[in-house]
Amino acid sequence: MNDSAPGRIVLLTTSHRVAPGLLSWPAWQVLRAADRVLCADPDHPQLPYLREAGVEVEEGGATARELVDYCVSDSRTAVVLTSAVGESALTDGLARLAGSGRETMPALELLPGSYDLPGARLIDLVQVMDRIRRACPWSGIRTHEDLAKYGLEETYELLEAIETGDRESLREELGDVLLQVVFHARIAEDDADEPFSVDDVAGVIVDKLIHRHPHVFGEESAETPEDVKAHWLRTKAVEKDRESVTEGVPLGQPALALAAKLASRARAEGLDVTVPAGDGVGYELLALAVRAEADGIEPETALRAAARAYRDAIRAAESTPTAD
């Protein structure tokens with residue numbers, strides 16, 4: 001800000017992702033001290049809170065010429081509370097006047113009154129999903145069962161993005177998986193018997209994370225990743241009141257991942273379990289999966305990498321000319 005300039009025009013920006021009324025202290029200071037406060041948006045969410053605080057706001061815009069003359073004439077301060085779409089006509093006009101070199105200009109200042117917190121765009125996602133659920137003929141009638149296959153497909157696409165190391169695809173696929181979560185939560189809001197919202201979903205996982213990380217949020221300590229994993233498993237067993245370490249292992253997951261998960265649970269509990277032997281390739285694959293897990297190898301990941309190499313070999317064979 002130019003303290004020697006005659007007057008001051010402040011463009012005050014706010015975030016719709018922050019609760020109305022939660023403005024920064026510099027924003028409240030300039031609003032209270034201003035000679036004139038204007039807002040072109042009559043539905044601006046901040047207006048009721050400003051008026052409650054005793055700040056008089058003129059509904060309606062002003063041209064750049066009008067504001068410059070008003071501020072320069074008596075070294076006054078005008079604050080423009082910007083709308084969600086911005087004030088392009090006003091800012092363009094101010095730029096033209098300032099750039100002409102023939103105008104006495106007041107100080108021009110852009111003052112953020114509120115900021116987005118990390119994760120603020122999730123609010124946009126929830127709002128967009130809510131509108132789609134209410135207005136889209138297809139999305140409006142979907143059920144959890146309808147979406148189940150999409151959740152599985154998006155998870156596999158995320159896995160592929162991770163395996164290929166494609167950062168752009170990873171970002172996109174994470175968004176697609178997140179959409180499934182928000183979509184399911186929005187569907188759950190419409191349940192007549194046991195409705196819940198995305199906030200309930202987030203609340204459950206927040207509580208779970210805090211409870212299972214006492215070394216972060218409490219007084220316990222964990223020196224190694226193994227300490228953390230052991231505590232996590234003990235806490236889960238108490239929470240779920242499980243009689244077996246195999247409880248909670250989904251049998252519908254891919255077979256190699258299932259075998260590795262069972263082996264991991266048994267090893268974590270210190271159980272000496274002999275891998276069942278039998279006829280057929282299934283038992284051979286089971287033994288390989290258990291051995292790989294013991295060696296710190298994810299058999300599912302390892303086989304997928306080998307399968308990719310096999311796919312490349314097939315493509316190479318397809319592109320190789322054959323002799324007549």
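This is a predicted model: local features need pLDDT of at least 70, side-chain atom pairs count only at pLDDT 80 or more; totals for chains, interfaces and linings use all residues.
**Stop 1: the negative patch**

Select Glu153, Glu157, Glu160, Asp166, Glu168 and Glu172. These residues gather on the surface as a patch of negative charge. Which helix gives the largest share of the negative patch? It is α6, with three residues.

Center on Glu172. This glutamate is found in helix α7. Its relative accessibility is 49%, so Glu172 counts as partly exposed. The cut-off for exposed is over 50%.

**Stop 2**

Next, select Asp116 and Arg17 and show their side chains. The two meet in a salt bridge, 2.5 Å from N to O. Asp116 lies in the loop between β5 (107–112) and α5 (121–135), and Arg17 lies in the loop between β1 (8–13) and α1 (25–33), so this pair ties together parts that are 99 residues apart in sequence. Asp116 has 38% relative accessibility and therefore counts as partly exposed.

This is one of the 17 salt bridges that a search of the whole structure finds.

**Stop 3: a salt-bridge network**

Select Asp130, Arg133, Arg134, Arg186 and Asp190. Salt bridges link these residues in a network.

Start with Asp190 and Arg186. They form a salt bridge in which the closest N and O atoms are 3.0 Å apart. Are these two partners buried or exposed, or in between? Asp190 counts as partly exposed, at 44% relative accessibility. Arg186 counts as buried, at 8%.

Move to Arg133, another member of the network. Arg133 is found in helix α5. At 9% relative accessibility, Arg133 counts as buried, because buried means under 20%.

Now display what surrounds Arg133. Leave out residues up to four places away in sequence, and Arg133 touches these:

- Ser139, Gly140, Ile141 and Arg142
- Phe183, Arg186, Ile187 and Asp190

Two names on that list, Arg186 and Asp190, also belong to the network.

**Stop 4**

Select Arg267 and Glu293. Their salt bridge brings the closest N and O atoms to 2.5 Å apart. The pair links distant parts of the chain. Arg267 sits in helix α11 (residues 255–268), and Glu293 sits in helix α12 (residues 281–294), 26 residues apart.

Check the surface here. Arg267 counts as partly exposed, with 46% relative accessibility. Glu293 is buried, with a relative accessible area of 10%.

**Stop 5: the nonpolar patch**

Last, select Ile205, Val206, Leu209, Ile210, Val216 and Phe217. They form a nonpolar patch on the surface. How much accessible area do they have together? The figure is about 520 Å².

Color the helices again. α8 (198–211) and α9 (214–217) each supply at least two residues of the nonpolar patch. The largest share, four residues, comes from α8.

Finish on Leu209. This leucine is found in helix α8. Its relative accessible area is 37%, so Leu209 is partly exposed.

|---|---|
| Glu153, Glu157, Glu160, Asp166, Glu168, Glu172 | Negative patch on the surface |
| Asp116, Arg17 | Salt bridge, 2.5 Å |
| Asp130, Arg133, Arg134, Arg186, Asp190 | Network of salt bridges |
| Arg267, Glu293 | Salt bridge, 2.5 Å |
| Ile205, Val206, Leu209, Ile210, Val216, Phe217 | Nonpolar patch on the surface |

Definitions and conventions: Residues are numbered from 1 along each chain as its sequence is written. Side-chain values use heavy atoms; hydrogens and water are left out. Patches are made of residues with over 30% relative accessible area and no salt bridge: like charges are joined within 9 Å, nonpolar side chains (Val, Leu, Ile, Met, Phe, Trp, Tyr) within 5 Å. Accessible areas come from the Shrake-Rupley method with a 1.4 Å probe; for residues, only the protein chains shown count as cover. A salt bridge is a side-chain nitrogen of Lys or Arg within 4 Å of a carboxyl oxygen of Asp or Glu. Lys and Arg count as positive and Asp and Glu as negative; His and the chain ends are not counted. The place of a charge is taken as NZ of Lys, CZ of Arg, CG of Asp or CD of Glu. Buried means under 20% relative accessible area, exposed over 50%, partly exposed in between (1.4 Å probe, protein chains only). Contact means heavy atoms within 4.5 Å.
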